[in-house]
Amino acid sequence: MSQRRRLPNSLRWRAVGWMEMGLSQADVARRLNVSRSVVQRLWDQYQSEDSVSRRPVPGRPRATTPAEDRFLALSARRRRTTTVPQLVADHFQASGRRISATTVRNRLHNAGLYARRPVVCVPLVRSPQRRTAKEPLMLGKRTCFLDAATMGFCAVHRRVQIYNGDYRGGGILVWAGISLGGHTDLHVFHGGTVTGLRYRDEILDPYVRPYAAAIGNDFILMDDNARPHRAGIVEEYLEDHGLERMEWPARSHDLNPIEHLWDYLGREVAALNPPPRSLHELKQGLLCVWSSLPIPVSDNLINSMGNRCRQCIQVRGGHIPY
């Protein structure tokens, strides 16, 4: 018999999604390895409250009041270089009560504030430049390049068109990641808007985290500044699982080598015989072409990163022939 256990919010929402797709409560319980009564309570809660988040339970009293929480967040925002010990001292001076550094960190995280090393540009100066010039392969071995693209049909020529990074409706929105020597599976989003929650539950958890474990401790994630990628729940997930993300400031150049793979994928699908004539055929064609993607194609693109970065630096951010 399945053991009763507490489900995280991601699995609770996934269970509701399965039931909305038509799976029975018994099937969902078997997939999650929980009792059917757990799934029944989840479904009842969703029907009555439109939510499956765990209800708050009594616990130890909070060490700070809401007013003190606002004081800590405001102090951190006013002085961006302040440290947690300094905030602990400020709180003691203002209230006369001592709180732990862990409490301060938790309150800052609740306010969406996290410790970051300050940078003003993509770190491609001096030492990183030399590293990119001398060790371009090391960058590729450590880095997993992620991106999404929308695939649709050109009505006139009946060929596949690609709308890179576009999360609007229409066509088929696909996602994938590449690194030297391999790539993730191609993921097809099924309807709806891609939110931070979907990015976490459909991409990071089933694809990126296992892929990072296979690469090892030197794994670096590179995605862009799309709104779902920078959501608070995504930042929290990456921090909780120790996934390092490459710093990528606003208005930065799109040097992601996977962009060229979308063009390759579109041309290969359009060349299928017979070519896809419906969205279902397009989906099957994309999955088939991606599964047989030659590794040298993606490796060549990643190996060009050193030269791309050097040229971008030489022209001070201007146009480069890539």
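Start by selecting Glu 68: leaving aside neighbours within four places in sequence, this residue is in contact with Ala 63, His 91, Ser 95 and Arg 97. Contact here means heavy atoms within 4.5 Å. Glu 68 sits in helix α4, residues 66–78. Helices are DSSP runs of H or I with at least four residues, strands are E runs of at least two, and both are numbered from the N terminus. Is Glu 68 buried or exposed? Glu 68 counts as buried, because its relative accessibility is 13%. The cut-offs, using a 1.4 Å probe and protein chains only, are under 20% relative accessible area for buried, over 50% for exposed, and in between for partly exposed.

Before you go on, a word about what is on your screen. This is a predicted model, in which local features need pLDDT of at least 70 and side-chain atom pairs count only at pLDDT 80 or more, while totals for chains, interfaces and linings use all residues. Residues are numbered from 1 along each chain as its sequence is written, and side-chain values use heavy atoms, with hydrogens and water left out.

Now zoom out to the whole protein chain. Of its 322 residues, 39% count as buried. Take the contacts with a separation of 6 or more: 63% of them are between residues 24 or more positions apart.

Next, colour helix α2 (residues 25–32) and helix α3 (residues 36–49). These two pack at an angle of about 115 degrees, with their axes 8 Å apart. The axes are lines fitted to C-alpha atoms, for helices over the stretch in contact, and angles run from 0 to 180 degrees between N-to-C directions. Show side chains at the meeting point: Gln 25, Ala 26, Val 28 and Ala 29 from α2 meet Arg 36, Val 39, Gln 40 and Trp 43 from α3. Sorted by class, that contact has five nonpolar, two polar and one charged residues. Nonpolar covers Ala, Val, Leu, Ile, Met, Phe, Trp, Tyr, Cys and Pro, charged covers Asp, Glu, Lys and Arg, and the others, Gly among them, are polar.

Stay here and click on Asn 33, in the loop between α2 and α3. Its phi is near 60 degrees, a positive value in a residue other than glycine. Most residues other than glycine have a negative phi, and most peptide bonds are trans. Asn 33 counts as partly exposed, because its relative accessibility is 45%. Then hop to Asp 50, in the loop between α3 and α4. Asp 50 also has a positive phi, near 60 degrees, and is exposed at 56% relative accessible area.

For a peptide bond worth a look, select Asn 273 and Pro 274. The bond joining them is cis, with omega about 0 degrees. Pro 274 is in the loop between α11 (258–270) and α12 (279–291).

Now pick Ile 302, in helix α13 (residues 295–303). This residue is buried, with a relative accessible area of 1%.

Last stop: select Trp 13, Arg 14, Gly 17, Asp 201 and Glu 202. Of the 13 residues lining the second largest pocket, these are the closest to its centre. Which element gives the most to this lining? That is α9, with six residues.

Methods:
1 Å grid on protein atoms, 1.4 Å probe; cavity = no way out; pocket = protein on both sides within 12 Å on 5 of 7 lines; lining within 4 Å.
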